[in-house]
Structure formats: structure tokens, C-alpha cells
Amino acid sequence: MTELTDEKLMAYVDGELDDLEAEKVRKALRTNAEARQRIEIFKESTILLQKVFDAPFHEEVPRHLIDGIKDFKVDDHCPRFIDRIASWFQVTSWQPIHALVFFMIFIIGIGTGWLAAGLKRPELTVFSHIFQGEDFSRGLETSVSGVSFDVTDRQATVTPIATFLGKHGHYCRQYEVVHSENGSSLLAYGVACRTGSGDWFTRVLIIPRSPDFSPTDMENSYVPAGDDELAATIFSELMSAPPLTIEQEEELIRRGWVARPEKSGNVLGGKKR
Amino acid sequence: MIRISYLILFAIINMGESDTFRQQMIDLLPRLRRFAYSLTLNRFGADDLVQLACERALSRKEQFKIGTRMDRWMFRIIYTLWVDSLRSKRSCTPHSSFNEEYHTGGTADNGSTRIEAKLMLDHVIQAMEQLSESDRVVLALVCIDGLSYKEAAMTLDVPVGTVMSRLARARVKLHSLVHGNKRTY
């Protein structure tokens with residue numbers, strides 16, 4: 001008598017049994033109502049899953065994914081440290097990720113003590129929610145440099161500092177963010193880059209040590225001097241051209257971050273969806 | 001002169017191989033997007049995952065053995081990136097995405113049908129959220145993408161028996177969760 005385990009019944013449904021085994025199962029099913037119910041569970045799961053998740057297979061592939069593959073440049077040499085940061089900007093499309101799946105935090109530090117403390121720093125948790133939301137994207141999309149905007153419910157103020165074309169053809173903005181809570185302030189500098197669909201995604205974040213915040217786990221950490229200088233060096237290395245003037249920013253914002261045709265070149269900006 | 005010719009020929013062949021490699025990857029994008037969506041349960045996250053996976057694959061092209069299945073290789077990269085990201089962040093992905101199919105315009109007459117379909121979509125996605133990574137990926141590979149048990153096992157580098165037991169368990173659990181979720185409404 002054929003033993004009708006779940007795996008066997010499932011294999012029968014999925015066409016994974018050879019003819020002989022399948023025939024045995026078919027015969028056994030005639031007199032086994034419970035097994036027939038199990039069969040329906042396995043059939044239903046496939047139907048449901050295909051119905052729910054099949055949509056992306058049938059729709060047109062977003063252009064940025066195709067361009068991302070075609071335009072991707074592979075460096076043959078071992079990249080410099082700063083080039084590895086620049087390589088993050090090769091992504092042609094960043095989308096807001098609710099679960100911070102692809103949130104990347106870059107902490108400048110020297111020495112394992114600093115890095116270890118940095119990784120535990122609570123302000124990472126504080127800042128991490130700011131860079132994914134609609135407020136953040138909308139603010140960078142519409143505010144010229146020097147004009148601050150608030151990130152709602154996060155008690156944070158973001159100020160774009162400069163706008164530039166990154167080395168891989170995307171508009172990026174350097175910004176400063178201040179998070180205030182319970183009388184203390186946390187400061188960070190970041191660079192966010194624009195996707196083809198108009199969302200902004202932080203690619204580099206530098207959190208200098210804040211004099212207002214001294215968590216106990218930082219007691220033995222070492223903070224290198226000159227965080228601002230280091231940040232400026234990193235940011236300048238990421239630019240393919242000098243930052244835009246305020247007038248150029250205003251025009252770009254007015255045109256929905258679409259560059260003029262004669263200057264488009266490899267610029268991959270696009271209108272917000 | 002002959003050496004130069006060979007060099008030029010080599011360069012041309014190399015460029016051609018690179019173009020073929022990239023075109024194969026582009027041709028796979030619909031399946032990759034679907035697979036990524038079934039893992040992340042989030043359309044935005046899915047495309048970002050696919051983007052990262054393609055970059056990873058392009059930067060490690062030398063690891064791909066010509067003549068082997070690129071789809072399995074890409075699925076493996078996507079899965080690895082996804083699991084790594086989950087482990088580093090350990091946050092559930094609240095499903096804020098939706099299947100546009102259920103949100104396209106329609107007449108008032110089929111409004112109840114659309115609502116019912118949307119509810120079922122929610123039930124299934126909520127159920128998937130409660131499954132483990134290993135359960136979700138076997139469902140994605142076999143039930144959604146249609147790989148055989150053997151192909152799924154090779155993709156994940158696990159025995160076929162492992163795929164079968166995980167798959168059976170996942171489908172039973174999915175059924176229980178979906179119909180359990182329905183009862184709460």
C-alpha cells in the first residue's frame with residue numbers, strides 16, 4: 001500500500017513523481033478522502049502564490065533596471081578606498097525601502113574602538129529612519145541649498161548644502177541633518193542621490209561625535225579629529241563637476257530634475273512619478 | 001601584425017561575450033523581479049534588490065561559469081543579498097506595496113470583487129511575512145517560478161529532500177495562515 005505522506009502528495013501535485021509512482025498515488029487517492037483534502041492544500045498554495053506574485057513577470061521592466069545593467073562599469077583594478085564609496089553611486093535606481101533593507105551607513109573612524117563604539121551608537125538608530133521617508137525625498141526634491149525642511153515626526157531638520165552631479169551621472173545632494181530630542185542635538189552630514197523615479201536615497205552618512213551626547217558605550221572610544229575636513233574630502237571626491245549654483249538648482253528643481261538636452265550626456269535624472 | 005590582429009580579435013570576442021552576458025541578464029529581469037518580490041513582499045524593495053544583485057553579478061562575472069544556468073546563479077545572489085540584509089537589520093518588511101492588478105480602475109459593479117481580491121492578496125502577503133526565509137524561498141522558486149525540486153535544490157545548494165520537506169511544510173503552514181487570517185476579518 002502506498003504511504004501518502006505530505007511530500008509524496010505534494011510531489012504528485014507538482015508532477016515530480018515518475019509514472020509508476022504517480023499511478024500508485026492516484027489509486028490510493030480514490031479511497032482516501034483525507035489525502036484528497038491535502039492535495040487541495042498543495043494545489044491551492046501554487047494558485048494563490050502565482051496570483052499574488054506574478055504581476056512583475058508580465059509588466060514592462062522599468063527602464064532604469066535595464067540601463068543599470070547596460071551602463072554598469074566594472075573596475076578591473078583594485079579600487080581606492082574613496083573609489084569604493086563612489087562605486088555605490090553606480091546604482092541607477094534607488095527606491096525607498098520601508099524596512100531599511102539597503103540602508104548603508106558609513107562611519108569614518110580609525111581604530112577598532114571607535115568603529116565598535118560607532119556601530120553601537122544609538123544615534124544610528126535615531127538617524128536611520130529619517131532617510132527613507134517621503135518627507136526626506138520630498139524635501140530634497142524641492143528645497144534649494146540652504147533652505148531647511150523638517151522630517152515630520154522625527155524631530156529632525158535637514159538642510160541641503162550642495163547639489164552636484166555624481167561621478168556616475170546622478171544628481172546628488174550633500175546635506176546636514178540635526179536631530180533634536182529632550183534638549184540634546186545630534187548632527188550628521190550625508191550625501192543622498194536621486195533615483196530615476198525621484199526618490200532620494202542616502203548613500204553616505206558621517207556622524208561626527210556630538211558634544212551633547214555621551215552614551216556610556218563611547219567612554220573608551222576614539223574619535224579622529226577633523227571630521228568636517230574628512231567629510232568635505234569625501235564629498236568632493238564624489239563629484240564629477242563643481243556643485244551647482246543656487247540659480248542652477250532652482251532651474252533644475254523647476255524642471256523636475258531633468259537636465260537640459262544639450263547637457264544631458266550621461267545624466268540619468270528623470271521626472272518624479 | 002598577427003599579434004595585433006589576435007589582440008583585436010580577442011577584444012572583439014571579449015566585448016561580444018560581455019554583451020551576451022548582459023543581455024542574458026536583461027532577459028531574466030522579469031523573473032528576477034518576480035522572485036525578488038516574493039521574498040521582499042515589497043515592490044520597491046524588490047526592484048532595489050534586483051538592481052543590487054545585477055551589480056553584484058556584473059562585478060563578479062568571472063565567477064559565473066559559461067554554459068551553466070544564469071537564472072539559478074542570479075536567484076542565488078538575490079537570495080543571499082536578501083538574507084544578509086535581513087540579518088543586518090532584522091526588521092520585518094511591512095507590506096506597503098500592493099498588486100496593481102487589484103487596483104486598476106473598474107466599474108462600481110465589480111467593486112466587491114476587487115475588494116475581495118485585495119483582501120486575499122493581503123492574507124497571502126501577511127502569511128508570507130510569517131514564514132521563515134528558507135520557507136519563503138522554496139515557495140518562490142518552486143510554486144512561483146516553477147523550478148523543479150532538483151533545480152531549486154541546486155539553486156540553494158541543499159539536498160532535494162530538504163527542499164521537499166521545507167516546501168511541504170511551508171505550503172501547509174501558508175494554507176493555515178491564509179485561512180486563519182481570513183477568519184480574523
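The largest nonpolar core of this predicted model has 58 residues. A nonpolar core is a set of buried Ala, Val, Leu, Ile, Met, Phe, Trp, Tyr and Cys residues joined through C-beta atoms within 7 Å. A residue is buried if 20 or more other C-beta atoms lie within 10 Å of its own, exposed if 12 or fewer, and partly exposed in between, with C-beta atoms placed from the backbone. B:Val50, B:Ala53 and B:Ile78 have the most contacts inside the core. Contact requires C-beta atoms, placed from the backbone, within 7 Å. Beyond its neighbours within four places in sequence, B:Ile78 touches B:Leu32, B:Phe35, B:Ala36, B:Leu49, B:Val50 and B:Ala53. Another core, of 26 residues, lies apart from the largest one. Its members include A:Phe164, A:Cys172, A:Val177 and A:Phe201.

Chain B contains 7 helices and 0 strands. Helices (H or I, at least four residues) and strands (E, at least two) are DSSP runs, numbered from the N terminus. Of its 185 residues, 36% are buried. Among contacts in chain B between residues at least 6 apart in sequence, 67% join residues at least 24 apart.

Helix H3 (residues 33–53) of chain A packs against helix H5 (residues 133–144) of chain B at about 95°, with the axes 9 Å apart. Axes are lines fitted to C-alpha atoms, for helices over the stretch in contact, and angles run from 0 to 180 degrees between N-to-C directions. H3(A) and H5(B) are therefore roughly perpendicular, a class that spans 65 to 115 degrees. H3(A) contributes A:Ser45, A:Thr46, A:Leu49, A:Gln50 and A:Phe53 to the contact. H5(B) contributes B:Leu139, B:Cys143 and B:Ile144. By class, 5 of these residues are nonpolar, 3 are polar and none is charged.

Helix H1 (residues 6–13) of chain A has the highest mean pLDDT among the elements of that chain, 96. pLDDT is the predictor's confidence in each residue, from 0 to 100. In H1(A), 6 of the 8 residues are buried, so the helix is largely enclosed by the rest of the structure. The buried residues are A:Lys8, A:Leu9, A:Met10, A:Ala11, A:Tyr12 and A:Val13. Just after H1(A), A:Gly15 adopts a positive phi of about 70°.

Chain A averages a pLDDT of 70, and 58% of the residues score at least 70. Over residues 210–227 of chain A, pLDDT is below 50. Where pLDDT is low, the predicted coordinates should not be read in detail.

Residues are numbered from 1 along each chain as its sequence is written, and chains are lettered from A and ligands numbered from 1 in the order in which they are written. Local features need pLDDT of at least 70 and side-chain atom pairs count only at pLDDT 80 or more, whereas totals for chains, interfaces and linings use all residues.

Conventions:
Two residues are in contact if their C-beta atoms, placed from the backbone, lie within 7 Å. Angles under 35 degrees count as roughly parallel, over 145 as roughly antiparallel, 65 to 115 as roughly perpendicular and the rest as oblique. Ala, Val, Leu, Ile, Met, Phe, Trp, Tyr, Cys and Pro count as nonpolar, Asp, Glu, Lys and Arg as charged, and the others, Gly among them, as polar.
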